[in-house]
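Here is a short briefing on a single protein chain. Please look at the model first, then read the points below.

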Amino acid sequence: MSTSESPAHPRFAEALRALGPEVDVRRFPDATRTAAQAAAAIGCDVAEIVKSLVFVARGIPGADGPEDGEPVLVLMDGSSRVDVELVRRELGAAEVRRADADLVRETTGYAIGGVPPFGHRTRTRVPADRGLLGHAVVWAAAGTPHTVFPLAPRSVVAHADAVVVDVRERTA
């Protein structure tokens, strides 16, 4: 399916056109808002889902000041959790916390559950966990809670202008 007739959110469809990748955006009648829902709808492993999670970092060196929170998008595989302390260290921030729904929409232009890894309203820093690279193809939201698209993980990282890091929570 071409992006001109894509079921993706219009802003994301435009991002796809601007970047040029030919992707097959799929729409599902049931929500694909969570990694588990998306994996069940697609028929893939939960680890092959890309979670696009927005955090707020305070006190980043070179930022406007410790009171100014900088939104940061973390890309994580669907079966893992983000270790906020590792993100904080990676950014050199004083504090990192999850963003609320309003800030997610303000920063990205999308609602939680439909945030794609790129094509956002505001440009942010994007750490992508190295675990994403362990798959041939990953699936990410296409701007709505009902749409997803497949892409090679390195392409996701490149289009998101992400930096590959290790920010996955480790189990004991």
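Are F118 and F149 buried or exposed? Both F118 and F149 are buried (buried: under 20% relative accessible area; exposed: over 50%; partly exposed in between; 1.4 Å probe, protein chains only).

This is a predicted model, in which local features need pLDDT of at least 70 and side-chain atom pairs count only at pLDDT 80 or more, while totals for chains, interfaces and linings use all residues. Residues are numbered from 1 along each chain as its sequence is written, and side-chain values use heavy atoms, with hydrogens and water left out.

**Confidence**
- The chain has a mean pLDDT of 88, and 90% of its residues reach 70 or more (pLDDT is the predictor's confidence in each residue, from 0 to 100).
- Confidence is lowest in α1, with a mean of 80, and highest in strand β5 (residues 127-129), at 98.
- Helices (H or I, at least four residues) and strands (E, at least two) are DSSP runs, numbered from the N terminus.

**Aromatic cluster**
- Three aromatic pairs turn up in a search of the whole structure (ring centres of Phe, Tyr and Trp, its six-membered ring, within 6.5 Å; planes under 30 degrees apart are stacked, over 60 edge-to-face, the rest tilted).
- The F12 and F118 rings are tilted, because their planes stand at 40°, with centres 5.3 Å apart.
- This pair links distant parts of the chain: F12 is in helix α1, and F118 is in the loop between α4 (101-108) and β5, 106 residues apart.
- F118 and F149 pair edge-to-face, at 6.0 Å centre to centre and 75° between the planes.
- F149 lies in strand β7, so its pair with F118 ties together parts 31 residues apart in sequence.
- Ring pairs join F12, F118 and F149 into a cluster.

**Nonpolar cores**
- The largest nonpolar core has 29 residues; F12, V25, L75, F118, F149 and A162 touch the most other members (a core is a set of buried Ala, Val, Leu, Ile, Met, Phe, Trp, Tyr and Cys residues joined through side-chain atoms within 4.5 Å).
- At least two residues each come from elements including α1, β2 (50-58) and β3 (69-77).
- α1 gives the largest share of this core, four residues.
- Apart from this core lies another, of 14 residues, including L91 and V167.

**Individual residues**
- L16, in helix α1 (residues 10-19), counts as buried because its relative accessibility is 1%.
- A35 sits in helix α2 (residues 35-42) and is buried, at 12% relative accessibility.
- The charged end of R11 sits over the ring of Y110, 5.6 Å from its centre (NZ of Lys or CZ of Arg within 6 Å of the ring centre and within 35 degrees of the ring normal).
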